[in-house]
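Here's a quick briefing to read with the structure open beside you. Take it topic by topic and look for each part as you go.

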Amino acid sequence: MESLHPIAVLIDELKSEDPALRLNSVKRLGNIALALGDKRTRDELIPFLSDSVDDDDDILITMAEELVTLLDLVGGPEHIHVLLQPLELLACVDAKAVRDAAVESLKKISAKLPQQHITHFINLVLDLLAGEWFNYKTSGAGLVAQAYSRTQNSDHKERLIKAYELLGSDELPMVRRSCAETLSDVVSVVEEGVAREKLLPLFEKLQRDEQDSVRSVNIANAHSFLKKLQTSDSDRVFVVFENSARDEAWRVRRLVAESLFSLLQISSQSKTTFCKVLKALLLDKEPEVRCCASVELSRCCVLIDSRDLLVTYILPQLEELVKDDADYVRAAIAGSLSSVSTVVGKDITVSRLRPLLARLLSDDKSDVRLAVIDNIVKVIDVAGVDIVEDMLFKAVFDLAKDPAWRVRRSVISIVPVLAKKLDPSKFEDSLAPLCNTWLGDAVFAIRQAAIENMKALTQIYSMAWAQTVFIPKLKALSEDTNYLFRITALFAISSLISEFTGDVIGTELLPIVIRLARDSVANVRFTAATTLGDLAKYLDKRFVLQKIKPILMNLSSEDPDVDVQNFAALALTKL
Amino acid sequence: MGTGDLDKYIAKLERCELIDDGEVKNLCIKAREILSKEANIVMVDGAVTVCGDIHGQFFDLKELFRVGGHCPHTNYVFLGDYVDRGSYSVETFLWLLALKVRYPSRMTLIRGNHESRQTTQVYGFYDESVRKYGTVKVWRYCTQVFDYLTLSALVSNSVFCVHGGLSPSISALDEIREINRVIDAPHDGAMSDLLWSDPDDVDGYAASTRGAGYLFGERIVKKFCDTNDLSLIARAHQLVMEGYKFMFDKKLVTVWSCGNYCYRCGNSAAIMELFCTGSGSVLNKYFKVFQAAPASDRNPPSRKVTPDYYLV
């Protein structure tokens, strides 16, 4: 236990004029309560806090959170209810962040409340729900599910649901919205009959609300109803959902698109119905909605898992979407085509999807082309590499020269994935020169990505292949007039050595490094020193001592540049 | 403070995390020791990348290094204005300073007009450091370092690098070498002009609307280059939408390295790579233009804003 002096200070600080000191003290309510003992905590500290709810938001939020730490310090379960009073007051203040923190703490505290005090909590929630101001009601809404699950009294339950239902007809939209926000939680704790008789009508009512912010929030509740209700009642839930897909507010329609997948996972509705909703959203007049539906299509079509349904309802829409005016819609659909391909199979992919892929791969926007390439491996797996090869090469070549370096980096990261699918001879003809171009890119991050790519390709093909393709390029880089490219050659060698045999390292790579250890630019010399240290463990020990060690010794003691000396000394420790 | 400590500071700062104020103090003491040995014109070999204003845009500085390569492997000359206006002046300046202390000959930091007590109290660095540390100490340490920053650099005896521009009080480089620079940035005189002046379409020198420094014209630039056998004057100090801009028959270039300045100007950033060919006789210039880092690469670590400095 802490000494008494700091506690006295903390108690003083609770009443300080300085908000920083009060905050500090409120953060240590647990220590104060421990020092005061349970009786004084109940009789003095808690009433004092109840009188202190007119303070800065930060302090009140902390107070709401810290009150939970007093659970074990008020003298046992039979006294826990004393904590409810300050939290009830905090749940009624003007600042939403404070109310939310108080509601969270009330949930935690009520969970520990002994059965004989539950009525106290239920009355607190009912008082909030019937409160005069919207603050009270919104806090009350957040506690209904917890109150309902804690009580066994059917009268309590009935009163809670009745008061909660009224929130759905409140004149203030923020109250109706808080009702929509908490409905899923309430549905999950009530009996199925209550969900069907009382809450389902509430759900339907909220979906007709005049405020789109209320309707938007309400969409998410469909999932909880479908989980709770019998199949026969789920039609009513789905009707609400279908109507929402035609809502006048595009935000609502977009949220419908976003929840399609989770509903599809648990719904017993026919997949045809889902396809119709999805079709409508893919055709929506707002690009935001079309974009969202296009993204969702990727995972939904796997669940729909029917070639015929996709061909009937979705494929005609895709043919429109690849021509969409909004480039982000085209990018979204470009990312989903590969999933469609896996469901519709080879024949449809070749006859119907290939023209769409071709169109997207020659799109004006690099993001669109990149989205196709990012996912092309799935299409190759379905229909074979032949159907996309030609157009793919052209697209990769174009993107490889994109002025935005992040686009180039994305293409580079795809190359090893493609390489696994391609015949090495084809690769050498078309993509290998490109990989070498990236090694000489103006942007450092691209040169680094090119080195990673080079290593991955060496692992996929062979050392012999890499030797013929990359080593001439490394030699050329090592002789470039720009010192940054000479350093790139060294970085590449350090990265590649693990893929080569000692023989190749000794004859092909080591001479380059030794030459660069005498470079006129200090940065090249100290990078070469590091690379020499990296090479050592792949070479014969005696050779290292005879050939490499003297170079590093010389650099570490004779070089005029202190960084060269230091890097060389560090490399010597690796020999 | 050894290299191990420095490497730890650098690792933290490059993640945009703060080092504590005791560590800042150690770093700044060491920095002053190193900077005090530098001349008013730092001589730099011709393998270096020259960068303009950064202004506390930490994530755009990270982007700069992604494009230009990392210190120590790439050599850098920064033309000043590390702080103010952006949201991360503290992290930006301390990161660059830690790199300077760790690799003094790989990194040259020139003083800009924002490296002063007065401007930083107006344009954000003071407020930011007090907010992040809860004390004025870190601002004091940093502003003491500002007084030691060099005024200029000379690459391969050919490219003169300075933050603002030329001064009517200076016609030869040796006159810069004579300035007593270790003072708070003055309001007028040669040193102030180097930090504040702008090139413009004027004959000779003209008054500047900035309230310090001068406007200087083509004739002045060409004469200065002739007198001092220079091929180019590289300076920063003014926003250039394309990232860099030549003037006066390519005798002067403005380099601006702060993409989307103030997070809203929509401008490109640029850096200038210099390297020698033909046994060091020809100095090549290569400009790299890039954009502000995208949102996906701007992830500050979550941190508590107010430290517990008043704990019992």
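Chain B's secondary structure comes to 10 helices and 14 strands; helices here are DSSP runs of H or I with at least four residues, strands are runs of E with at least two, and both are numbered from the N terminus. This is a predicted model, where local features need pLDDT of at least 70 and side-chain atom pairs count only at pLDDT 80 or more, while totals for chains, interfaces and linings use all residues. Residues are numbered from 1 along each chain as its sequence is written, and chains are lettered from A and ligands numbered from 1 in the order in which they are written.

**Chain B overall**

- Chain B has a radius of gyration of 19 Å, which agrees with the value near 20 Å that a compact globule of 312 residues would have. The radius is taken over C-alpha atoms, and the globule rule is 2.2 Å times the number of residues to the power 0.38.
- Its C-alpha atoms fill a box of roughly 65 × 40 × 40 Å along the principal axes.
- Buried residues make up 50% of chain B's 312 residues. A residue is buried if 20 or more other C-beta atoms, placed from the backbone, lie within 10 Å of its own; 12 or fewer makes it exposed, and in between it's partly exposed.
- Take the contacts in chain B with a separation of 6 or more: 71% of them come from residues 24 or more positions apart. Being in contact means that two C-beta atoms, placed from the backbone, lie within 7 Å.
- UniProt, in an unreviewed entry, lists residues 110-115 of chain B for "domain: Serine/threonine specific protein phosphatases". UniProt positions use the numbering here, feature names are shortened, and annotations may be inferred rather than shown by experiment.
- That span, 110-115 of chain B, is 0% helix and 0% strand, with its end C-alpha atoms 9 Å apart.

**Chain A overall**

- Chain A comes to 33 helices and 0 strands. Its radius of gyration is 34 Å, well over the 25 Å from the globule rule for 575 residues, so chain A is more spread out than a compact globule.
- The box around chain A's C-alpha atoms is roughly 90 × 75 × 35 Å along the principal axes.
- In chain A, 44% of the 575 residues are buried.
- Chain A is divided into domain 1 (245-382) and domain 2 (470-575), with bounds from an automatic or database domain assignment. The centres of these two domains, taken over C-alpha atoms, are 52 Å apart.
- Residues 314-352 of chain A are 87% helix, and residues 509-547 of chain A are 77% helix.

**Where the chains meet**

- In all, 17 residues of chain B are in contact with 19 residues of chain A.
- On chain B's side, α3(B) gives the most, with 3 residues.
- That side of chain B divides into 7 nonpolar, 7 polar and 3 charged residues. Ala, Val, Leu, Ile, Met, Phe, Trp, Tyr, Cys and Pro count as nonpolar, Asp, Glu, Lys and Arg as charged, and the others, Gly among them, as polar.

**The largest nonpolar core**

- This core has 279 residues, and V125(A) and C161(B) are among those that touch the most other members. A nonpolar core is a set of buried Ala, Val, Leu, Ile, Met, Phe, Trp, Tyr and Cys residues joined through C-beta atoms within 7 Å.
- Helix α20 (residues 327-361) of chain A gives the largest share of this core, 14 residues.
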